[in-house]
Amino acid sequence: MADYDYDVLVIGAGPGGYVAAIRAAQLGMKVACAEGRETLGGTCLNVGCIPSKALLHGSELFEEAHDGTLAKFGVKTGKVELDLPTLQGEKVGAVKELTQGIEFLFRKNKVDWLKGYAKFTGPHAVDITGKTVTAKHIVIATGSSVTPLPGVEVDNDAGIIVDSTGALALARVPQHLVVIGGGVIGLELGSVWRRLGAKVTVVEFLDQLLPGMDGEVRKEAGKIFKKQGMELRLSTKVTGASVKGKKATLTLEPAAGGAADTLEADCVLVAIGRRPLTDGLNLNAIGLVPNARGQIETDHDFRTAVDDVWAVGDVVPGPMLAHKAADDGLAVAENIAGLTGIVNHDVIPGVVYTTPEIAGVGLTEEAAKERGEIKIGKFPMLANSRAKTNREPDGFVKIIADAKTDRVLGVWAIATVAGTMIAEAALALEFGATSEDIAYTCHAHPTHSEAIKEAAMAVRGKPIHM
Ligand code: FAD
Ligand code: NAD
């Protein structure tokens with residue numbers, strides 16, 4: 001057998017790549033991970049999940065102090081002021097701690113961090129800053145980057161038209177933030193800046209927010225964000241933008257075509273999706289051709305069309321989520337080691353970390369109906385004792401079950417802690433639970449999760465508190 005520098009070389013140290021590298025090392029292989037960024041952790045830890053959640057948490061505390069939520073519970077705060085540099089500092093601190101945590105884990109597991117961008121020179125070899133590194137197996141985990149919108153040029157340094165990375169680092173609260181794209185990023189980062197004082201307008205091409213989620217959930221989410229003060233311009237597309245001084249002017253049109261309109265803003269966030277990142281990998285050298293969407297196709301085991309080259313995370317088809325990338329990473333390492341690494345792509349929970357949170361796992365009502373007859377159980381958070389006590393009336397839990405077998409096909413929740421609640425639903429789906437199984441599982445009282453039990457009871461028509 002040829003002699004290689006490493007058993008496994010992972011390209012990219014995001015949640016897909018760093019997990020694959022650590023797991024491969026744990027399984028006894030000699031592993032390196034190439035990463036061109038200054039710090040490990042990829043999009044998620046540096047400019048994604050982690051910094052956005054730091055700002056979501058801080059801005060929620062600010063809003064609670066500012067809008068009378070704390071006062072309602074007898075917490076007197078005096079004059080509430082925003083110290084944005086301190087909030088941004090906390091965010092930077094969290095990112096630093098977590099990215100350094102991955103460095104620690106690499107050292108602990110003896111994964112070599114090869115600093116620099118890797119490009120293929122052959123199926124078992126890459127060039128990293130002029131040096132050739134060889135490996136028996138190579139895992140592509142290069143993630144994704146922002147999808148650009150033609151005619152709307154992002155300049156994060158100027159801070160007027162920004163992408164998610166720019167919107168995480170604004171040095172001031174915009175007066176009017178226009179978000180292009182009513183998806184996950186637009187709603188999370190739109191919520192951050194609305195809570196901190198900006199007027200926020202969301203321009204969405206489709207007739208509802210959050211494509212891919214359950215229709216009823218999307219409709220309810222729209223109502224809630226409107227109630228919170230966001231202006232929603234649905235079924236509308238942005239056709240261009242110009243910047244003059246510190247203001248941007250956007251040209252809008254109805255999605256179906258029609259008279260153009262303009263909208264002024266001092267900040268515009270472009271959040272119309274992300275696309276797989278394979279730039280600079282020199283895939284030509286190994287004859288690997290991405291599909292029409294730029295993704296690297298793999299089989300169920302994460303093998304690409306080229307022997308010993310594997311791919312995981314945002315760069316392959318499937319939801320672009322950190323936990324999905326990490327599960328791919330675990331599985332690919334196990335498959336390379338000759339074990340059986342499996343990811344059940346039918347059970348990947350998705351969470352929007354707004355207030356309330358919006359979460360789902362499994363099929364939407366629309367998709368489930370296409371497959372056959374279903375039963376639905378719903379329970380409003382208004383009737384959940386913990387949500388009621390906390391004065392968190394918005395949202396519901398919805399359980400979709402097969403009408404014949406009662407097997408749970410999908411669970412959707414809008415609730416302040418829906419992101420935590422959905423873990424139970426994922427487990428239920430993974431284990432093939434019926435709605436009756438959930439209904440007869442004892443849930444602690446008083447918890448928001450009791451709404452899942454009650455929704456399960458509602459599938460059979462018998463919730464207690466409604
Ligand atoms: P990435 O995290 O993108 O990592 C890929 C890494 O590869 C990068 O560090 C890149 O520098 C490196 N790289 C690329 N090319 C090369 C090369 N040639 N050589 C060496 N290195 C290379 N997901 C969630 O599940 N929950 C969330 O709350 C969430 N919030 C998000 C918020 C924002 C603002 C954004 C933008 C994304 C968010 N996501 C969230 C999505 C999540 O960040 C991604 O799904 C996840 O990071 C994908 O992991 P990955 O390992 O596939 O790729
Ligand atoms: P998205 O796909 O969630 O939403 C993009 C939205 O933009 C869609 O609603 C789409 O209809 C709309 N759109 C597209 N073109 C448009 C146009 N020209 N004008 C107006 N609207 C337009 O994408 P995103 O919000 O950019 O997020 C990117 C990825 O990052 C997602 O895949 C998501 O999974 C991931 N992410 C996840 C989380 C989380 O899990 N909490 C948070 C942030 C990002």
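A crossing of two helices is left-handed if the near helix is turned anticlockwise from the far one by less than a right angle, and right-handed if clockwise. The model discussed here is predicted.

Q: Is the crossing of H1 and H9 left-handed or right-handed?
A: Helix H1 covers residues 15-26 and helix H9 residues 322-336, and their axes come within 7 Å. For H1 and H9 the crossing is right-handed.

Q: Are H1 and H9 roughly parallel or roughly antiparallel to each other?
A: The axes of H1 and H9 cross at roughly 30°. Angles under 35 degrees count as roughly parallel. H1 and H9 are therefore roughly parallel.

Q: How do the residues of the contact of H1 with H9 divide into nonpolar, polar and charged?
A: From H1, the contact takes in Pro15, Gly16, Val19, Ala20, Arg23 and Ala24. These meet residues of H9 including Ala322, Gly329, Leu330 and Glu334. The residues of this contact divide into ten nonpolar, two polar and two charged.

Q: Is Cys267 buried or exposed?
A: Cys267 lies in strand S15, residues 267-270. Residues that Cys267 touches include Ile160, Val162, Leu170, Pro174 and His176. Buried means under 20% relative accessible area. Cys267 has 1% relative accessibility and therefore counts as buried.

Q: Which residues point the other way from S15 than Cys267 and Leu269?
A: Cys267 and Leu269 point one way from S15. The residues on both sides are buried. Those pointing the other way are Val268 and Val270.

Q: Which residue in S15 is the bridge partner of Leu177?
A: Strand S9, residues 176-180, pairs with S15 in the parallel sense over four bridges. Strand S8, residues 161-162, also runs parallel to S15 and is joined to it by two bridges; there, Val162 has Leu269 as its partner. For Leu177, the partner in S15 is Cys267.

Q: Which strands stand at the edges of the sheet?
A: Five strands form an open sheet with parallel pairing, in the order S8-S15-S9-S10-S11. A strand with a single partner strand has one side left without a neighbour in the sheet, so the edge strands are S8 and S11.

Q: What angle does the direction of helix H7 make with that of S9?
A: Helix H7, residues 184-195, packs on the sheet. H7 touches S9, S10 and S15. With the direction of S9, that of H7 makes about 175°.

Technical notes
Residues are numbered from 1 along each chain as its sequence is written. Chains are lettered from A and ligands numbered from 1 in the order in which they are written. This is a predicted model: local features need pLDDT of at least 70, side-chain atom pairs count only at pLDDT 80 or more; totals for chains, interfaces and linings use all residues. Side-chain values use heavy atoms; hydrogens and water are left out. Axes are lines fitted to C-alpha atoms, for helices over the stretch in contact, and angles run from 0 to 180 degrees between N-to-C directions. Angles under 35 degrees count as roughly parallel, over 145 as roughly antiparallel, 65 to 115 as roughly perpendicular and the rest as oblique. Contact means heavy atoms within 4.5 Å. Ala, Val, Leu, Ile, Met, Phe, Trp, Tyr, Cys and Pro count as nonpolar, Asp, Glu, Lys and Arg as charged, and the others, Gly among them, as polar. Buried means under 20% relative accessible area, exposed over 50%, partly exposed in between (1.4 Å probe, protein chains only). Two strands pair if DSSP finds at least two bridges between them. Lists of a residue's contacts leave out its neighbours within four places in sequence.
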